Amino acid sequence: MPERSFFIGSYQFPLCARCTGILFGEIAGLLLSFFIPFFWPILLLILPMLVDGLTQLWGWRTSNNLLRLITGLLGGYVIISLLAFSAKSIYSLL
């Protein structure tokens, strides 16, 4: 949907703003997971994406691309951080 995507000139990004944020958050998570230890409270960072997505889905409010990008960044970071922690934990058991 054009209103949910970023544009550079007349070129529309192939991903929506939230998915773009998730992608960049996952890349950041990959890089930072080597340097920043995982703490369980980091899982709370996925809540803003959940609240933003659900309240928009239910029609309670309209989100904007900046908010979608930020919540996607947080969500993507959490997803990769959890996967990296899980992989490190499994590897340490071997």
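Helices and strands here are DSSP runs, numbered from the N terminus. On that basis I place Tyr-77 in helix H3. The model I am reading is a predicted one.

**Entry 1. Overall layout**

I looked up the secondary structure and found three helices and two strands in the protein chain. Read from the N terminus, the order of elements is β-β-α-α-α. I took the extent of the C-alpha trace along its principal axes, which comes to about 50 × 30 × 20 Å. The chain has 94 residues, and 30% of them count as buried. I then turned to contacts with a separation of 6 or more; residues 24 or more positions apart account for 70% of these.

**Entry 2. Helix lengths**

I did the same for H3. Its 29 residues should span 42 Å, and the end C-alpha atoms lie 42 Å apart, so the values agree here too.

**Entry 3. H1 against H3**

I noted that H1 and H3 pack at an angle of about 35°, their axes 6 Å apart. The crossing is right-handed. From H1 the contact draws on Ala-17, Arg-18, Thr-20, Gly-21, Ile-22, Phe-24, Gly-25, Glu-26, Ala-28, Gly-29, Leu-30 and Leu-32, and from H3 on Asn-65, Arg-68, Leu-69, Thr-71, Gly-72, Leu-73, Gly-76, Tyr-77, Ile-79 and Ile-80. I sorted the residues of this contact by class and have 11 nonpolar, eight polar and three charged.

**Entry 4. H2 against H3**

For H2 (residues 47-57) and H3 (residues 65-93) I find axes that come within 8 Å and cross at roughly 135°. I class angles over 145 degrees as roughly antiparallel and 65 to 115 as roughly perpendicular. H2 and H3 are therefore oblique to each other. Their crossing is left-handed. On the H2 side I list Pro-48, Met-49, Asp-52 and Gln-56; these meet Leu-67, Arg-68, Thr-71, Gly-72, Leu-74 and Gly-75 in H3. The residues of this contact divide into four nonpolar, four polar and two charged.

**Entry 5. Buried residues of H1 and H3**

In H1, I find Ala-17, Arg-18, Thr-20, Gly-21, Ile-22, Gly-25 and Gly-29 buried. Their cover includes strand S1 (5-8), strand S2 (11-16), H2 and H3. I noted the spacing with a general point in mind: an α-helix has 3.6 residues a turn, so residues three or four places apart point the same way.

In H3, the buried residues are Asn-65, Arg-68, Leu-69, Thr-71, Gly-72, Gly-75, Gly-76, Tyr-77, Val-78, Ile-80, Ser-81 and Ala-84. What covers them includes S1, H1 and H2.

**Entry 6. Tyr-77**

Leaving out neighbours within four places in sequence, I have Tyr-77 in contact with Gly-25, Glu-26, Ala-28, Gly-29, Leu-32, Ile-36, Ile-42 and Leu-45.

**Entry 7. Leu-73**

Leu-73 is also in helix H3. I have its relative accessible area as 35%, so Leu-73 is partly exposed. Beyond four places in sequence, Leu-73 touches Gly-21, Ile-22, Phe-24 and Gly-25. I looked up Cys-19 as well: it is 54 residues from Leu-73 in sequence and 8.7 Å from it in space, C-alpha to C-alpha.

**Entry 8. Gln-56**

Gln-56 is found in helix H2. Buried means under 20% relative accessible area. At 15%, Gln-56 is therefore buried. Which residues does Gln-56 touch, not counting those up to four places away in sequence? I find Arg-4, Arg-18, Arg-61, Ser-63 and Arg-68.

**Entry 9. Gln-12**

Gln-12 is in strand S2. Its relative accessibility is 31%, so I count Gln-12 as partly exposed. With residues up to four places away in sequence set aside, Gln-12 touches Met-1, Pro-2, Ser-5, Phe-6 and Phe-7. I took one distance from Gln-12: Phe-39 is 27 residues away along the chain, and the two C-alpha atoms are separated by 37 Å.

Key. Residues numbered from 1 in each chain as written. Predicted model: local features only at pLDDT ≥ 70, side-chain atom pairs only at ≥ 80, totals over all residues. Heavy atoms only, no water. Axes fitted to C-alpha atoms, helices over the stretch in contact; angles between N-to-C directions. Helix = DSSP H or I, 4+ residues; strand = E, 2+ residues; numbered from the N terminus. Parallel < 35°, antiparallel > 145°, perpendicular 65-115°, else oblique. Left-handed = near helix turned anticlockwise from the far one by under 90°. Contact = heavy atoms within 4.5 Å. Nonpolar A, V, L, I, M, F, W, Y, C, P; charged D, E, K, R; others polar. Buried < 20%, exposed > 50% of the residue type's maximum accessible area, 1.4 Å probe, protein only. Expected span 1.5 Å × (residues − 1).
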